[in-house]
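Hi,

Here is the structure I promised to pass on.

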Amino acid sequence: MVLNLVAFAWDEHVARSRTALFGVVFSDSESAAASFARSVGLAYPILGDPGGVIANDFGVAALPVTVVIDARGRVAEVLQGPATTSQLVAAARRARREAA
């Protein structure tokens, strides 16, 4: 499951770098998303995007998608489709280097 992979990458590699991780839900209600997050034990916050504004701003056309935003608030990378742990860690490292 992609969410477990993201949580694993976060817990094992990215958290030590003071990198923030958020999930954004735009195709479901916030209460349904919160219920799902609890049921699978997500350890990161889930933000609601009821009108799809955030998704549209980032050009999300299909799920899953991972948007890596650097410390300056710029989009550093967009990963379309399921991401591997190594892709997530590498993207976070590149974003940190570019923001430095």
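**The β3/β4 hairpin and what surrounds it**

In the hairpin formed by β3 and β4, 5 residues sit between the strands, and Gly-73 among the residues of this hairpin has a positive phi near 85 degrees. The two strands, β3 (residues 65-69) and β4 (residues 75-80), run antiparallel and are joined by 5 bridges (strands count as paired if DSSP finds at least two bridges between them). Val-68 has Glu-77 in β4 as its bridge partner.

Before going on, some housekeeping. This is a predicted model, where local features need pLDDT of at least 70 and side-chain atom pairs count only at pLDDT 80 or more, while totals for chains, interfaces and linings use all residues. Residues are numbered from 1 along each chain as its sequence is written, and side-chain values use heavy atoms, with hydrogens and water left out.

**Overall picture**

The protein has 4 helices and 4 strands (DSSP runs numbered from the N terminus: helices are H or I with at least four residues, strands are E with at least two). Along the sequence they come in the pattern α-β-α-β-α-β-β-α. Of its 100 residues, 27% are buried (buried is under 20% relative accessible area, exposed is over 50%, partly exposed is in between, with a 1.4 Å probe and protein chains only). If you take contacts between residues at least 6 apart in sequence, 46% of them join residues at least 24 apart (a contact is heavy atoms within 4.5 Å).

**Salt bridges**

How many salt bridges does a search of the whole structure find? It comes back with 2 (a side-chain nitrogen of Lys or Arg within 4 Å of a carboxyl oxygen of Asp or Glu). One is between the side chains of Asp-70 and Arg-74, at 3.0 Å, N to O. Asp-70 is buried, at 7% relative accessible area, whereas Arg-74 is partly exposed at 39%.

The side chains of Glu-77 and Arg-94 also meet in a salt bridge, at 2.7 Å, N to O. That pair links distant parts of the chain, with Glu-77 in strand β4 and Arg-94 in helix α4, 17 residues apart. Arg-94 counts as partly exposed, with 29% relative accessibility.

**Core and helix α4**

The largest nonpolar core has 6 residues: Val-68, Leu-79, Ala-83, Leu-88, Ala-91 and Ala-95 (a core is a set of buried Ala, Val, Leu, Ile, Met, Phe, Trp, Tyr and Cys residues joined through side-chain atoms within 4.5 Å). Helix α4 gives the most to this core, with 3 residues.

Ala-99 lies in α4 too (residues 85-99), and is buried at 13% relative accessible area. Leaving aside residues up to four places away in sequence, Ala-99 touches Asp-70, Ala-71, Arg-72 and Arg-74.

**Surface**

The protein exposes about 6,300 Å², and carbon and sulfur atoms supply 56% of that (Shrake-Rupley areas with a 1.4 Å probe; for residues, only the protein chains shown count as cover). Phe-22, Val-24, Leu-47, Ile-54, Phe-58, Ile-69, Val-75 and Val-78 make a nonpolar surface patch of about 610 Å² (patch residues have over 30% relative accessible area and no salt bridge; like charges are joined within 9 Å, nonpolar side chains, meaning Val, Leu, Ile, Met, Phe, Trp and Tyr, within 5 Å). Phe-22 lies in the loop between α1 (2-14) and β1 (23-25), and is partly exposed at 48% relative accessibility.

Cheers
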